[in-house]
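Dear colleague,

Please find the structure below for your review. My notes on the model follow it.

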Amino acid sequence: MTANAQTPALQEVSWTIEPQAVSVGDARRRAVAAVADWCPGDLPAEYADTIRRVVSELVTNAIRHAGQAGPITIAVWVTPNNNLAIVVHDSSPNPPQQREPYDDGRSGHGLTVVAAETITWNWRPEGKGKSVCATVALPHSLTRPRRAAALAARVRDAIPRPPVHSITPCQAAALSAA
Ligand SMILES: Nc1ncnc2c1ncn2[C@@H]1O[C@H](COP(=O)(O)OP(=O)(O)OP(=O)(O)O)[C@@H](O)[C@H]1O
Ligand SMILES: [Mg+2]
């Protein structure tokens, strides 16, 4: 699972999890740690909380509804629009279906939370299973300086440098005497 080849990722991390409850908290921590690493300065708490909630729901769903079907992989990356893509791939072809949460409050809430917390979410068949993809906003003020620095470095590298000529001791003496 990789970012779309036509829109190359600026930063991306992916890993495979075991279908166990402990993997949910681990996934939350890894996702937030990766984003915090990519963003200069502190990642504001509300952005980190959103990432945690979305990762929690998608990973819990994959474990609960598809955990027996095969491997589960998580990928997060910064999109060219400075949003965060969160993709959870599982091995079950059954689709996620957002629905009215059950009145008893016990289930049917996860995708409602995902829909409320994301810019967009969707899913697509992939391999014998599917990928559930969610996009959440990142603080642009945090990601922009890194992009600007990368662009400045590219511009710097593109500027042709004057050739460096070595001079003989005889020429140096002539120059300093001039
Ligand atoms: N990864 C998945 N694989 C297969 N089915 C899924 C997956 N994710 C969600 N679903 C289906 O979509 C339904 C709605 O998911 P949602 O997360 O909203 O509720 P839930 O998981 O049933 O309960 P809750 O998240 O409130 O504990 C699930 O009941 C399940 O049928
Ligand atoms: Mg759920």
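Two residues are taken to be in contact if their C-beta atoms, placed from the backbone, lie within 7 Å. Leaving aside neighbours within four places in sequence, Leu58 is in contact with Ile86, Val88, Val114, Val132 and Ala134.

This is a predicted model, in which local features need pLDDT of at least 70 and side-chain atom pairs count only at pLDDT 80 or more, whereas totals for chains, interfaces and linings use all residues. Residues are numbered from 1 along each chain as its sequence is written, with chains lettered from A and ligands numbered from 1 in the order in which they are written.

The mean pLDDT (the predictor's confidence in each residue, from 0 to 100) is 85 for the chain, and 77% of the residues reach 70 or more. Over residues 1-9 the pLDDT is below 50, and this stretch has 14 contacts in the model beyond near neighbours in sequence.

Leu58, Val59 and Ile86 have the most contacts inside the largest nonpolar core, which has 35 residues. Such a core is a set of buried Ala, Val, Leu, Ile, Met, Phe, Trp, Tyr and Cys residues joined through C-beta atoms within 7 Å; buried means that 20 or more other C-beta atoms lie within 10 Å of a residue's own. Helix α2 gives the most to this core, with nine residues (helices are DSSP runs of H or I, at least four residues, numbered from the N terminus).

Around ligand 1 there are 19 residues, of which Asn61, Pro96, Ser107, His109 and Gly110 come nearest; a residue is near if its C-beta atom, placed from the backbone, lies within 6 Å. Here too α2 gives the most, with five residues.

Yours sincerely

Technical notes
Helix = DSSP H or I, 4+ residues; strand = E, 2+ residues; numbered from the N terminus. Buried ≥ 20, exposed ≤ 12 C-beta atoms within 10 Å, placed from the backbone.
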